[in-house]
Amino acid sequence: MSNASPLIFLSKLGELELLTHCFAEISIPQAVRAEVGDLSLPAFVQVQTISEFGKHYVAGSIGTLHAGELEAMVLAQETAADFVLLDDLRARQKAKRMGLNMIGTLGVLQLAHAQGLIGRDKLLAHYDALVNQHGMWLSDKMLQQLKSV
């Protein structure tokens, strides 16, 4: 299950295919499909619909979180997904309260590195590109911690 930001960031890095190596399947709800707009998603990313109950929950919960984030979390619950891909801190906090396991763009890159799919130099270059070219916010301290691993 994924929210829009990991798909967008991985696409900008040219690394969407890492998802096929890291996860058995990737599903997204309708709101995420709408949020990514004309982004060309690979065939392994499947669009699923949340339940009517889930739609009502999302409609009543929109505020600091976007529909895509909420729908991804609801769909993760409804399908008993192993993980939900989220980057936004507030979304991750909500997912934790919902009892969901989560991983973000950085976690996918780290997992791909651990599996030998990308080397250390490429991993570090991706960290820099995410922050300096693609608008991901990371504190200097966090960036240094990531680079020291």
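This is a predicted model: local features need pLDDT of at least 70, side-chain atom pairs count only at pLDDT 80 or more; totals for chains, interfaces and linings use all residues.

Most residues other than glycine have a negative phi. Phi of Ala 80, however, is near 55°, a positive value in a residue that is not glycine. With a relative accessible area of 61%, Ala 80 is exposed, because the cut-off for that class is over 50%.

Met 73 lies 26 residues from Gly 99 along the chain, and the C-alpha atoms of the two are separated by 9.9 Å.

The buried residues of H7 are Thr 105, Leu 106, Gly 107, Val 108, Leu 109 and Ala 112. These buried residues pack against several elements: H1, helix H2 (18-22), strand E3 (84-85), E4, H8 and H9. Just after H7, Gly 116 takes a positive phi of about 80°.

Two of the partners of H7 can be described in more detail. Two packed helices are described by the angle between their axes and the distance between the axes. For helix H1 (residues 4-13) and helix H7 (residues 105-114), the axes come within 9 Å and cross at roughly 55°. H1 and H7 are therefore oblique to each other. On the H1 side the contact is made by Ser 5, Pro 6, Phe 9, Leu 10 and Leu 13, and on the H7 side by Thr 105, Val 108 and Leu 109. By class, the residues of this contact are six nonpolar, two polar and no charged.

How do the axes of H7 and helix H8 (residues 120-132) cross, and within what distance do they come? They cross at roughly 170° and come within 10 Å. H7 and H8 are therefore roughly antiparallel to each other, since angles over 145 degrees fall in that class. Thr 105, Leu 106, Leu 109, Gln 110 and His 113 of H7 meet Arg 120, Leu 123, His 126, Tyr 127 and Leu 130 of H8. This contact divides into five nonpolar, four polar and one charged residue. Thr 105 and Leu 109 of H7 take part in the contact with H1 and also in the contact with H8.

Rolling a probe the size of a water molecule over the atoms shows where empty space is left. The largest pocket holds about 570 Å³ of space. It is lined by 22 residues, and the closest to its centre are Asp 87, Asp 88, Leu 89, Met 136 and Trp 137. H1, helix H6 (89-97), H7 and helix H9 (140-148) each supply at least two residues of this lining, and H7 gives the most, with four. The lining comprises eight nonpolar, nine polar and five charged residues.

The second largest pocket has a volume of about 280 Å³. Its lining consists of 14 residues, of which Met 1, Glu 25, Ala 81, Asp 82 and Phe 83 are the closest to its centre. By class, that lining has nine nonpolar, three polar and two charged residues.

Note on methods
Residues are numbered from 1 along each chain as its sequence is written. Side-chain values use heavy atoms; hydrogens and water are left out. Axes are lines fitted to C-alpha atoms, for helices over the stretch in contact, and angles run from 0 to 180 degrees between N-to-C directions. Angles under 35 degrees count as roughly parallel, over 145 as roughly antiparallel, 65 to 115 as roughly perpendicular and the rest as oblique. Contact means heavy atoms within 4.5 Å. Ala, Val, Leu, Ile, Met, Phe, Trp, Tyr, Cys and Pro count as nonpolar, Asp, Glu, Lys and Arg as charged, and the others, Gly among them, as polar. On a 1 Å grid over the protein atoms alone, a cavity is a set of points where a 1.4 Å probe fits but cannot get out, and a pocket is an open set with protein on both sides within 12 Å along at least five of seven lines; lining residues have an atom within 4 Å of a point. Grid points are joined across faces, edges and corners, and a volume is the space filled by probe spheres set on the points. Buried means under 20% relative accessible area, exposed over 50%, partly exposed in between (1.4 Å probe, protein chains only).
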